[in-house]
Amino acid sequence: MLKVILLNGSPRKDSNTKDVLEICASEIQKHDVEAEIIELRGKKIQSCIACNKCAEIGKCALNDGLNEIIDKIKNADGFIPAAPVYFGTARGDIMSALQRIGKVSRSTDKFLDWMVGGPITIARRAGQTLTLQEMTMFFPINNMIIAGSTYWNIIFAGPTGTATQDTEGIQTIKKFAENVANIIKKIKT
Ligand SMILES: Cc1cc2nc3c(=O)[nH]c(=O)nc-3n(C[C@H](O)[C@H](O)[C@H](O)COP(=O)(O)O)c2cc1C
């Protein structure tokens, strides 16, 4: 079965990011592609230490739970990381995760090749577009395919539960999700 992994970079239990990813995942599933949300919450994701051991051992040398996430990504056809904006850029641990996932892929069998997806960013007031650009850098350098939508994948949400009030943002995410599923089906079947 074709599958997309969605990575939630929020540390909060009932996060806006989770609400957005649940809508995104359910839209992907409506188009006959499996979707699984994985949380970084509760994990202590370290930054890449540039040890280059991944080239020798085929996985990251740091044991903080990211290798288990990498194994799931390896078995997927799509990848969607989502993050809250912190001081105008992405929360640190999602960038640490992306940098290590990319490094392991490039140093091993390039499992990210032709994987379909794109980032999503969430903020109360400002910083979504810069954060989207920051996270987008991960995709082309890893030979991935970014799906479009009718706007950028940005959501305005402050207090818990307010993401769904951004109706244009949610419409954008739904169209993006549909595109991710349809591109995967076109190139993988
Ligand atoms: C440390 C910190 C920094 C933040 N910086 C920004 C910011 O630069 N711009 C903004 O609009 N919101 C900022 N916020 C608010 C969050 O991005 C916003 O509440 C978001 O919905 C949280 O997502 P979550 O519910 O998925 O954790 C910040 C929040 C925290 C905790």
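Phe87 sits in the loop between E3 and strand E4 (89–90); helices (H or I, at least four residues) and strands (E, at least two) are DSSP runs, numbered from the N terminus. This is a predicted model, in which local features need pLDDT of at least 70, side-chain atom pairs count only at pLDDT 80 or more, and totals for chains, interfaces and linings use all residues. Residues are numbered from 1 along each chain as its sequence is written.

**Two residues with a positive phi**

- Most residues other than glycine have a negative phi.
- Phe87 is not a glycine, yet its phi is positive, about 50°.
- The hairpin of E3 and E4 has two residues between the strands, and Phe87 takes its positive phi there.
- Is Phe87 buried or exposed? Phe87 is exposed, because 6 other C-beta atoms lie within 10 Å. The cut-offs are these: a residue is buried if 20 or more other C-beta atoms lie within 10 Å of its own, exposed if 12 or fewer, and partly exposed in between, with C-beta atoms placed from the backbone.
- Lys110 is another residue other than glycine with a positive phi, near 50°.
- You can find Lys110 in the loop between helix H4 (92–107) and strand E5 (116–117).
- Lys110 has 12 C-beta neighbours inside 10 Å, so it counts as exposed.

**Strand E3 and its partners**

- Eight of the nine residues of E3 are buried, so this strand is largely enclosed by the rest of the structure.
- Which way do E3 and E4 pair, parallel or antiparallel? They pair in the antiparallel sense, over two bridges; two strands pair if DSSP finds at least two bridges between them.
- Tyr86 stands opposite Thr89 in E4.
- E1 and E3 run parallel and are joined by five bridges, with Ile5 standing opposite Phe79 in E3.
- E3 also pairs with E5 in the parallel sense, over two bridges. Here Phe79 stands opposite Gly117 in E5.
- With E6, E3 pairs in the parallel sense over three bridges, and the bridge partner of Ala83 in E6 is Thr121.

**Strands E1 and E2**

- Strand E1 (residues 3–8) pairs with strand E2 (residues 34–39) over six bridges, in the parallel sense.
- Leu7 has Ile38 as its bridge partner in E2.
- E1, H1 and E2 together make a right-handed β-α-β unit. A crossover is right-handed if, with the strands pointing away from the viewer, the path from the first strand over the helix to the second runs clockwise.

**Around the ligand**

- Of the 18 residues around the ligand, the ones that come nearest are Ser10, Ser15, Thr17, Pro84 and Ala123; a residue is near a molecule or strand if its C-beta atom, placed from the backbone, lies within 6 Å of it.
- Helix H1 (16–30), strand E3 (78–86) and strand E6 (120–123) are the elements that give two or more residues to this shell.
- Which element gives the largest share of the shell? That is E3, with three residues.
- The shell divides into eight nonpolar, seven polar and three charged residues. Ala, Val, Leu, Ile, Met, Phe, Trp, Tyr, Cys and Pro count as nonpolar, Asp, Glu, Lys and Arg as charged, and the others, Gly among them, as polar.

**A look at Ala157**

- Ala157 lies in the loop between strand E8 (154–156) and helix H7 (167–188).
- Ala157 counts as buried because it has 21 C-beta neighbours inside 10 Å.
- Leaving aside neighbours within four places in sequence, Ala157 is in contact with Asn16, Ile122, Arg124, Thr162, Ala163 and Asp166; two residues are in contact if their C-beta atoms, placed from the backbone, lie within 7 Å.
- From C-alpha to C-alpha, Ala157 and Gln133 are 19 Å apart in space, and they are 24 residues apart in sequence.

**The chain as a whole**

- The protein chain has seven helices and eight strands.
- Buried residues make up 43% of its 189 residues.
- Among contacts between residues at least 6 apart in sequence, 75% join residues at least 24 apart.
- The C-alpha trace spans about 50 × 40 × 25 Å along its principal axes.
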